[in-house]
Amino acid sequence: MVTLVPAGPDPAGPDSTASGPTGPGGGSARGRRPGTGRLAALLVSPTLLVLGLVVLYPIISAVRLAFYQRNDGIDPETGLLVQGDRFVGIDNFTDMFTGENADRFLNALTNTTTFTVVAVSIEVVVGVLMALVMHRAFRGRALVRAAILVPWAVPTAIAGLLWRWVFQADGVANDLLPGAPVLWTTDGVQAWFAVVIADTWKTAPFIGLLVLAGLQVISAEIYEAARLDGAGPWRTFFSITLPLVKPTLLVAVLFRTLDTLRMFDLPYTLIGPGKEATDTVTVLAFEEAVKFGKYGPASAYAVVLFVYVALVAFAFVRLLGADVFGTKGRRSR
Amino acid sequence: MILSRRFVLVTATAAALALGASACGSDSGSPAPPQPAALEGVGPISLVTGKDTSGNLQNQVDEWNSAHPDQKVTVIELPEDADAQRQQMVQNAQTRSDAYGVLNLDVVWTAEFAANQWVVPLPEADFPLDKLLPATVETGKYFKRLYAVPITSDGGLLYYRKDLLDAAGLKAPTTWSQLAEACAKVLPTAAGVSCYAGQFEKYEGLTVNFSEAVNSAGGSVVGEDGKPTLDTDAARKGLQFLVDGVKSGLIPQKARTFKEEEGRRAFQAGELLFHRQWPYQYAKASATDGSSAVAGKFAVAPLPGLDGPGASSLGGHNYAVSAFTKNKKTAVDFIKYSASEEQQRKNLEKTSQAPTWSALYDEADLVTKFPYLTQLKKSIEGATKRPGVVKYQEVSRAIQEAAYGAMSGDTPVDDALKSLQGKLEALTK
């Protein structure tokens with residue numbers, strides 16, 4: 001739904017220092033020749049056009065759809081449907097919160113939120129541990145790195161099916177666990193856990209990968225200095241590694257959060273649609289649109305989710321200072 | 001290009017005039033009734049179908065193509081998953097594309113496709129409908145008009161372990177209480193075998209199994225007039241059978257995760273005494289290559305019911321003509337060809353898919369080859385069609401919601417049916 005669009009090169013750009021090594025070199029543009037701005041706009045326009053087509057247009061059209069509903073009267077003689085759409089104002093939105101679908105929607109919104117909070121928290125811990133392991137120099141490191149990254153490379157829908165096998169009534173999970181078999185793929189809290197477990201397996205490597213990149217730029221001298229000062233491994237981790245890797249980690253967490261808010265494949269393939277414990281807002285929107293042909297309410301779901309995701313992203317950038325665009329450069333801390 | 005532009009102009013004008021005329025004619029804004037005749041246009045068409053797992057479809061099409069070189073049929077294969085097939089056909093219809101010609105529709109999609117005018121009404125006289133099983137022909141009709149012609153059928157059968165029942169001196173049960181008694185007698189001596197399973201995961205299969213339970217108790221999901229009839233004693237008894245089954249252990253807990261394939265694996269592994277399943281399981285469970293532990297040890301019977309034999313839900317596929325294809329006459333001719341006795345026999349022999357041609361079920365050599373045919377005919381003849389409503393997908397989801405909640409013990413049977421009745425009333429309004 002939401003796409004983070006890096007702000008295109010600003011036509012009046014030379015004042016805003018770009019990131020990277022070329023950053024401070026904008027001085028020459030101070031006394032630029034007339035027409036440069038127009039040329040820049042011209043050069044950028046194809047990009048803007050494409051972005052408008054693939055980002056702006058779908059968003060506007062989805063928002064428009066959210067205010068319509070399909071006519072569904074049936075001709076009593078022939079049984080044919082009345083064609084066309086009708087404008088219903090904000091009905092689709094009020095239905096969501098007070099209508100007959102309110103329970104389903106609010107439940108889906110709760111699932112979406114709990115999945116995000118819990119799964120991303122676990123993924124951060126596991127992901128950082130993975131990064132620390134991958135960062136160590138030891139024999140077979142390449143193998144471990146590759147092994148950790150495999151889940152990330154598996155398409156999510158396939159992963160959902162794989163885990164369905166693991167979690168089926170006489171599957172591996174129940175063989176390993178003591179006691180009566182757990183019916184993972186039925187409705188209930190166990191289904192919710194199954195999704196969290198599969199999601200963690202699938203995406204902790206992503207956080208691991210990004211954090212690994214962050215770890216690799218921390219200079220060894222700092223660790224050396226810490227060791228000389230007598231810091232133990234815990235102290236080193238919390239006072240040096242974590243603060244220095246924090247900017248990367250925040251971006252990773254932001255990406256994962258936005259991703260998990262739109263979670264669809266795993267609940268859909270692993271548990272199946274229509275289950276109270278695992279239906280997310282996207283599953284609901286998909287069912288409404290594709291299965292029931294009700295594009296209006298489906299768009300309304302999508303729009304609400306879009307706003308929700310946008311708010312979360314905004315909060316991340318503002319409150320936690322996630323440096324998504326890399327525009328801050330290297331501020332000394 | 002010029003020609004086609006003029007054509008577009010003419011059509012647009014005609015459409016505008018027609019729209020204006022109909023707007024004048026009726027204030028309700030209902031569309032004009034479809035014209036059943038006038039299926040014209042001869043030329044190449046496409047046959048849109050789910051993945052052809054049988055391998056015989058191409059033979060059929062090749063035979064047609066060599067006889068009609070100027071009206072070639074191209075097969076467009078959609079995914080194996082029914083939802084995905086429906087989705088692609090719907091999208092194609094919504095864009096009014098002429099890429100799809102003959103549509104291979106699941107029996108439950110007829111109402112939706114007909115009401116949306118995505119498929120055209122067919123001239124009944126053109127097809128040998130009296131030779132087909134009447135129950136299957138009903139699935140192709142909507143508001144008394146024929147929109148689709150049945151090509152294959154499907155009915156539920158009770159698979160049972162003949163060896164175990166024989167050893168206990170029992171016959172196949174015809175009622176639910178006989179089924180329970182048989183289990184009580186056999187199971188203590190058969191370790192690792194459960195009593196009964198069907199398709200109880202929350203998906204279309206549950207709608208099928210729930211409808212069967214209600215029908216087998218003498219009730220119905222939707223009455224003759226298209227209105228739901230679930231607030232009845234019979235419906236309660238039907239759902240109660242499933243709910244009590246889970247509660248008492250007659251239906252094993254894990255059966256609540258069964259779709260067709262999970263159930264088939266369990267039956268083939270010898271874990272089930274009774275299994276409600278489609279005919280396709282017969283060949284797989286009879287396999288002697290070691291994949292089935294029950295080969296030669298099972299038989300089939302009609303589904304049991306409350307006081308006597310039950311009623312199956314009707315499955316199967318019908319061919320319909322897309323409203324947007326140009327060559328509608330060829331499409332009709334091809335459907336006629338596919339529904340013919342000769343093609344249906346070949347299809348049965350090659351793929352063991354249930355035909356809709358009534359006489360084929362009684363041919364001696366076919367019955368020897370497919371021993372389940374006799375029972376299957378009984379099953380299909382007594383089968384009830386699933387609700388033929390436009391919003392079938394929503395109806396089905398509501399049914400799944402109610403049945404699943406009741407079977408997991410979350411909602412009492414009465415409450416589940418009462419709220420389902422209310423929901424279906426709103427959906428079939």
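The structure itself is a predicted model.

## Chain A

Residues 237–258 of chain A are 100% helix and 0% strand, with end C-alpha atoms 27 Å apart. For residues 300–321 of chain A the content is 95% helix and 0% strand, and 30 Å separates the end C-alpha atoms.

Chain A as a whole contains 12 helices and 2 strands. Their sequence order follows the pattern α-β-β-α-α-α-α-α-α-α-α-α-α-α. The chain has 333 residues, of which 39% count as buried. Among contacts in chain A with a separation of 6 or more, 67% are between residues 24 or more positions apart.

## Strands of chain B

In chain B, an open sheet of 4 strands is arranged in the order S8-S9-S7-S10, with mixed pairing. Strand S8 (194–197) and strand S10 (298–301) of chain B each have a single partner strand and stand at the edges, so one side of each lacks a neighbour in the sheet. From one strand to the next, the twist averages 15 degrees. Within this part of chain B, strand S7 (residues 157–161) and strand S9 (residues 272–277) pair in the antiparallel sense over 4 bridges. B:Leu157 has B:Gln277 in S9(B) as its bridge partner.

Strand S6(B) has 7 of its 8 residues buried, so this strand is largely enclosed by the rest of the structure. S6(B) pairs with S11(B) in the antiparallel sense over 7 bridges, and the bridge partner of B:Ala148 in S11(B) is B:Ala320. S6(B) is also joined by 2 bridges to S12(B), again with the strands running antiparallel. There, B:Thr152 stands opposite B:Pro355 in S12(B).

## Helix H13 of chain B

Helix H13 of chain B covers residues 341–351, and its buried residues are B:Gln343, B:Gln344, B:Asn347, B:Leu348 and B:Thr351. Viewed down the axis of H13(B), these buried residues fall within an arc of 135 degrees, so they line one face of the helix.

What do the buried residues of H13(B) pack against? Their partners in chain B are helix H2 (57–67), strand S6 (148–155), helix H12 (328–339), strand S12 (354–355), helix H14 (364–369) and helix H15 (373–381). Just after H13(B), B:Ser352 adopts a positive phi of about 60 degrees.

## Salt bridges

Side chains of opposite charge can pair when their charged atoms come close. Over all chains, the structure holds 35 salt bridges. Three of them are listed below.

| Lys or Arg residue | Asp or Glu residue | N to O distance |
|---|---|---|
| A:Arg256 | A:Asp259 | 3.2 Å |
| B:Lys326 | B:Asp98 | 2.6 Å |
| B:Lys329 | B:Asp333 | 3.3 Å |

A:Arg256 and A:Asp259 are 3 residues apart in helix H9 (residues 233–261) of chain A, so about one helical turn separates them. A:Arg256 is buried, with a relative accessible area of 2%, whereas A:Asp259 counts as partly exposed at 31% relative accessibility. Both residues belong to a network of salt bridges that links A:Glu123, A:Asp199, A:Arg256, A:Asp259 and A:Arg262.

The salt bridge of B:Lys326 with B:Asp98 has its closest N and O atoms 2.6 Å apart. B:Lys326 lies in the loop between strand S11 (314–321) and H12 of chain B, and B:Asp98 in the loop between helix H3 (82–94) and strand S3 (102–106) of chain B, so the pair ties together parts that are 228 residues apart in sequence. B:Lys326 is exposed, with a relative accessible area of 61%, while B:Asp98 is partly exposed at 38% relative accessibility.

B:Lys329 and B:Asp333 are 4 residues apart in helix H12 of chain B, so they are separated by about one helical turn. B:Lys329 counts as partly exposed, at 38% relative accessibility, and B:Asp333 is likewise partly exposed, at 22%.

Notes. Residues are numbered from 1 along each chain as its sequence is written. Chains are lettered from A and ligands numbered from 1 in the order in which they are written. This is a predicted model: local features need pLDDT of at least 70, side-chain atom pairs count only at pLDDT 80 or more; totals for chains, interfaces and linings use all residues. Side-chain values use heavy atoms; hydrogens and water are left out. Buried means under 20% relative accessible area, exposed over 50%, partly exposed in between (1.4 Å probe, protein chains only). The arc is that of the directions from the helix axis to the C-beta atoms. Contact means heavy atoms within 4.5 Å. A salt bridge is a side-chain nitrogen of Lys or Arg within 4 Å of a carboxyl oxygen of Asp or Glu. Two strands pair if DSSP finds at least two bridges between them. Axes are lines fitted to C-alpha atoms, for helices over the stretch in contact, and angles run from 0 to 180 degrees between N-to-C directions.
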